[in-house]
Amino acid sequence: MAIMSVREALQSALHEAMDDQRAFIVGEDIGHYGSTYGVTAGFLEQYGPERIRDSPIAESGIIGIGIGAAMLGMRPICEIMSVNFSLLAFDQIINHAAKIHYMFGGQINVPMVLRTTNGWTQLSATHSQSFDSMFSYVPGLKVVAPATPADMKALFKASFEDPDPVIFIEHTLMYGVKGEVPDEPYEVKIGESRLAREGKDITIVTYSRPVHLCMAVADDLAKEGIECEIIDLRTLRPMDMSKALESFRKTNHALVVAEDWETHGMTAEISAQLYEHGFDYLDAPIARVGFKEVPFPYARNLEQQVVVTPDRIKAAIKKVLA
Amino acid sequence: MASTPDVTEQHAGLSNEQLLDMYRQMVLIRNFEEKCQEGYTRAQIGGFLHLYVGEEAIAVGSMAALRPEDHILTHYRDHGHAIARGLDPKALMAELFGKATGCAQGLGGSMHLVDVSKNFWGGYAIIGAHLVMACGMGTALKIRGDKQVVIVYFGDGSTNGGEFYEAMNFAQLGKLPVIFMCENNLVAMGTPIEIHSAVTEIYRKGCASDVRSERVDGNDPIEVYEATKRALDYALEGRGPSLIEAVSYRFRGHSAQDTQKYRTKEDVEKHRAQDPIVTFRQQLLNEGILNEDQDKQLLHEVEQEVAEAVKFADESPVAEEKWLDPQSAYANPIPPQA
Ligand SMILES: Cc1ncc(C[n+]2csc(CCOP(=O)(O)OP(=O)(O)O)c2C)c(N)n1
């Protein structure tokens, strides 16, 4: 086992992908700039400008390049610097990447990975959003949002090898998070959730960065005698609810946590599935914690209250168990 | 003599007072941003901080040509435009500090400065978006027959996306009173212009829509002033949009976090030799429009003004919690029925 950061795990996965001569990376500031979050630092020097393609600021173009190349059998890795900018490519992503296989009767595949980042740090309204639920809403897309270095590495590999377009969601506040990554080859399939922590009192269903917040809260609450069970979904579409439901049948209490606006989004879908398939096991209403329902404010005192925090998670757990 | 006809001719009709005021604004922007950098280092300012250091002549030269009734849209590198338009440095610094007294109540921060009373319609941070919005404003002015223009500021990197071409075409089709001011600082974030654009002379991109286009020295506020004046007159005559490419250089990183791996120290030093403030100051001194004592006095006043802005920002109350109410996102709040 090696200890790696999320950034290092991704770098290692990307290098492995680049061993496949069909792979190339296209995105803004991935080469000369040295990469916005340092993930592709050194790649331009190692693989050259044909395969590490610094793109103009043209997100729709980046995804169009990915789709076209994928149709001809390449394995493009498209990087959209921040998920906020993916909105400029929604036509390519939703009308095209997601549809081409089905619309042409299964004759064409689009094996492309779109890497992008969620995240916030006083970046204000247009630079702090997450669109997890918007991507996950679309049949034809696969959506992956891992939380740990080991899962980042394995799920990137799975995404890269998948014949369908995969939205691979990273998090700007998670690149430094460290964890164990096996030395020997290992596999995580797209569509497999993970039991992150065992507990008997409440089931917390979450993914991406909030997994770490929930783990810390669970450690805290254990001191008070509250045992949280944490399910890390890892993949949002397809979404594996089997472990979450199994846990819910045991704890009869659930909290759903996501960095997504609180209504109409990921937490709505996850709780709907818990209600739908776990109604008989319900001892209390399911609670959810997400972003407060406003565009992101710049001011730190306000932003701190909009985002998902350990305090908000803790309060929600107490409410469910009250 | 304050303004002999010769001198006036020489400076595109600008009086000595106007020239001195332009110089003062450039110094104010520079000084203001030095304090922004300090505030960022001290974590009083957060988020992204895009400094305009080196590009001051563009904002100051162009704004000098505009009238109070003209409209401004700009990008996230907006401190210079805001100050040149006469926005209150106190309200700007307070915005950067995330305070309730900020020009956007602390909701926008550095990238989204605004003052509607000055027709300063905000800084925008998604590349390309405000170019098309400028056409919307131009359309409104055209329909109403208002004798006003819209100026929109953006970088060289913002001329590669669809919205740039959409905007140029809309503007030319509608003969809209829009001035597209491209601040070509030769790099987009960390990607040099030769790598991000097939055509490196941005003004040549206007030809796709037959837009009247020109390229000027963006380090010379008078050249920028003249080009803007030409574009303004052209628009007011009802002849349509112009694209101005003002070539300059940013001395600092793209934002406060940039390691600047994409360029050498020598490159930056070479351009620093053409620092627009140093050059303009020397010009004014040589021509006897400014003397050393006046210059000292001016610098002193500017430092004073910025220090007051910082103090004001520091002492102001934090942003108001009413902005956490979901209804605050609406002009006409309709609370959900539970
Ligand atoms: C649609 C979109 N894509 C990417 C970004 C990230 N980004 C912000 S500024 C910038 C570079 C812009 O360069 P340029 O237009 O030349 O303006 P400059 O910053 O040099 O003033 C990039 C890539 C963004 N804000 N919006």
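The reply below treats the helix pair and then turns to the domains.

Analyst: The model is a predicted one. In chain B, helix H2 spans residues 16-41 and helix H11 spans residues 276-286. Their axes lie 10 Å apart, and the angle at which the two helices pack is about 150 degrees. Angles over 145 degrees count as roughly antiparallel, and H2(B) and H11(B) are therefore roughly antiparallel to each other. The crossing of H2(B) past H11(B) is left-handed.

On the side of H2(B), the contact is made by B:Leu19, B:Leu20, B:Met22, B:Tyr23, B:Met26, B:Val27 and B:Arg30. H11(B) contributes B:Pro276, B:Ile277, B:Phe280, B:Arg281 and B:Leu284. Sorted by class, this contact between H2(B) and H11(B) holds ten nonpolar residues and two charged ones, with no polar residues.

The domains of chain A come next. The domain assignment of this chain gives domain 1 as 2-181 and domain 2 as 194-321. The centres of these two domains of chain A, taken over C-alpha atoms, are separated by 26 Å. Domain 1 of chain A brings 29 residues to the contact, and domain 2 of chain A brings 27 residues. Between them the two domains of chain A bury about 2400 Å², of which 54% is on carbon and sulfur atoms. Within domain 1 of chain A, the residues that lose the most area to domain 2 of chain A are A:Trp120, A:Gln122 and A:Ala145. Together these three account for 28% of what the domain 1 side buries.

Technical notes:
Residues are numbered from 1 along each chain as its sequence is written. Chains are lettered from A and ligands numbered from 1 in the order in which they are written. This is a predicted model: local features need pLDDT of at least 70, side-chain atom pairs count only at pLDDT 80 or more; totals for chains, interfaces and linings use all residues. Side-chain values use heavy atoms; hydrogens and water are left out. Axes are lines fitted to C-alpha atoms, for helices over the stretch in contact, and angles run from 0 to 180 degrees between N-to-C directions. Helices (H or I, at least four residues) and strands (E, at least two) are DSSP runs, numbered from the N terminus. Angles under 35 degrees count as roughly parallel, over 145 as roughly antiparallel, 65 to 115 as roughly perpendicular and the rest as oblique. A crossing is left-handed if the near helix is turned anticlockwise from the far one by less than a right angle, and right-handed if clockwise. Contact means heavy atoms within 4.5 Å. Ala, Val, Leu, Ile, Met, Phe, Trp, Tyr, Cys and Pro count as nonpolar, Asp, Glu, Lys and Arg as charged, and the others, Gly among them, as polar. Domain bounds come from an automatic or database domain assignment. Buried area is the accessible area (1.4 Å probe) that two parts lose on being put together, summed over both.
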